Amino acid sequence: MKPTDTPKTYRVKSFGCQMNVYDGERMGELLEAKGITPAAEGEDADLVVLNTCHIREKATEKVYSDIGRIRKSGRQHGKDPMIAVAGCVAQAEGEEIMKRSPGVGMVVGPQAYHRLGDMVDRAARGERTTDTDMPENAKFDALPARRRVSPTSFLTVQEGCDKFCTYCVVPYTRGAEISRPYSDLVEEAKKLVDAGAREITLLGQNVNAWSGEDDKGRTVGLERLIHALADLPDLKRIRYTTSHPNDMTDALIAAHGEVDKLMPYLHLPVQSGSDRVLKAMNRSHTAESYLKLLDRFREVRPDIALSGDFIVGFPGETDAEFEDTLRIVDAVRYASAFSFKYSPRPGTPAASMDDQIPLEVMDERLQRLQAALGRDQLAFNEASVGKTCDVLIERKGRRPGQMLGKSPWLQSVFFDADLQIGDMVRAELVQAGPSSLQGRVLESVSA
């Protein structure tokens, strides 16, 4: 594109967490409000937004690789696409991206993307801009009305983190914990439901740290927001992620037994089964306090599916401490979980700790951990065979005529049936695999 060309089409490529998915959707809505339309499948876009994640190792290098690939593809098709780098890598790298990549016209952090439209106009005039300011909640006030809604929609309620786990960059890239106002969230949820959302997942770096003032001026926590959304008649399901053990309250635990629309699923990261490693990570819980917390959830919701996060190979982790992690996996029997090798993030305390673990040791530990987690996920799925439950259809499956949805326990369920995205069906779960189940439709569930 020439400097004076305004892009006509765009594509947002989001990496990482569900909050990035939400941010990517909102950036798309900003661009569409300016008359820029999504690029057709398989076509190069005039504007490409790389909405980045900085959690994993080599995230920065992946961004530069993608920039080169986009520019090469554009040249092959006679285009010089406008490129924006957004998200957490943009926040962390800032001007360095501009120095290394002349083809990038905009760098915008996760708290400043509401100004993306103005940055596009400046890029069309040949200016290169960086915006990594972190104003509290300002972007939400500036964003347009929700335009893109799927049956399963995300709603960011809280951003940032004050926990400062020694391995994590989130406090530096997303800023301090902030909560969006209660009334704004209820209003946005109503609009999502009116536009066709049947399930809403409440998002936050520490989503259960959310607090606000309700419509009666009372200070409330996440459980009261969940109760308010449950009153929306056309909303069928509520979920939330990601939680922190330190912010789990009695009232939120009780909500799992009180609110039928709150799905029986909890993602609660533990990271390690070793108390010494947890302390070195600056995690506020112990293995025992974490397990007791899960027991309380099971008391109020016996069928709850549990999920977690794990890091293997944290600096100084011994073989015995890794065995502690395997023991906590055996104790919980997770329905699903995410596991990673420790990767040093620049600027975090753990990156400069002694006793960094060799890669081959981390590889071996991760394989053993994932085998245990995979064993338990398959067992959970197999134990679900014969159950009947409601499944919300989300997308097409891999095979022609196949449709895929989610059970209340966030399992992927596929059907070879004439179904549409957004349908809710009563189904029998008839066959289980490691990562999905086959369902048989019994009846449609009224809207």
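Mentor: Start with strand S17 (388-396). S17 contributes three residues to the lining of the second largest pocket, the most of any element. A pocket here is an open set of points on a 1 Å grid over the protein atoms alone, where a 1.4 Å probe fits, with protein on both sides within 12 Å along at least five of seven lines; lining residues have an atom within 4 Å of a point. Strands (E, at least two residues) and helices (H or I, at least four) are DSSP runs, numbered from the N terminus.

This is a predicted model: local features need pLDDT of at least 70, side-chain atom pairs need 80 or more, and totals for chains, interfaces and linings use all residues. Residues count from 1 along each chain as its sequence is written, and side-chain values use heavy atoms, without hydrogens or water.

Back to the pocket. The second largest pocket holds about 300 Å³, a volume filled by probe spheres set on points joined across faces, edges and corners. Its lining has 18 residues. Nearest the centre lie Arg 237, Asp 260, Met 263, Asp 390 and Pro 408. S17 and S20 are the elements that give two or more residues to this lining.

Glu 428 pairs with Arg 440 at 2.5 Å, N to O. Glu 428 is in strand S20 (424-432) and Arg 440 in strand S21 (436-444), twelve residues apart. Both are partly exposed, which here means between buried (under 20% relative accessible area) and exposed (over 50%), with a 1.4 Å probe and protein chains only. Arg 440 has 45%; Glu 428 has 21%.

The count comes to 34 salt bridges. Take Glu 317 and Arg 365, with closest N and O atoms 2.8 Å apart. Glu 317 is in the loop between strand S15 and helix H13, while Arg 365 is in helix H14 (359-384), 48 residues away. Glu 317 is buried at 3%, and Arg 365 is buried at 4%.

Arg 296 is partly exposed at 34%. Asp 250 is exposed at 55%. Elsewhere, Asp 330, Arg 333, Arg 375 and Asp 376 form a network of salt bridges.

Now helix H2, residues 59-76. Its 18 residues should span 26 Å at 1.5 Å a residue, and its end C-alpha atoms are 26 Å apart, so the two agree. The expected span is 1.5 Å times one less than the number of residues. Buried in H2 are Ala 59, Thr 60, Val 63, Tyr 64, Asp 66, Ile 67, Ile 70 and Gly 74. Down the axis they fall within an arc of 160°, so they line one face of the helix. That arc uses the directions from the helix axis to the C-beta atoms. Exposed Arg 75 and Gln 76 sit on the face turned away. The cover over the buried residues of H2 includes strands S1, S3, S4 and S5 and helices H3 and H4, where contact means heavy atoms within 4.5 Å. Just after H2, Gly 78 has a positive phi of about 75°.

How values were computed: Salt bridge = Lys/Arg side-chain N within 4 Å of Asp/Glu carboxyl O.
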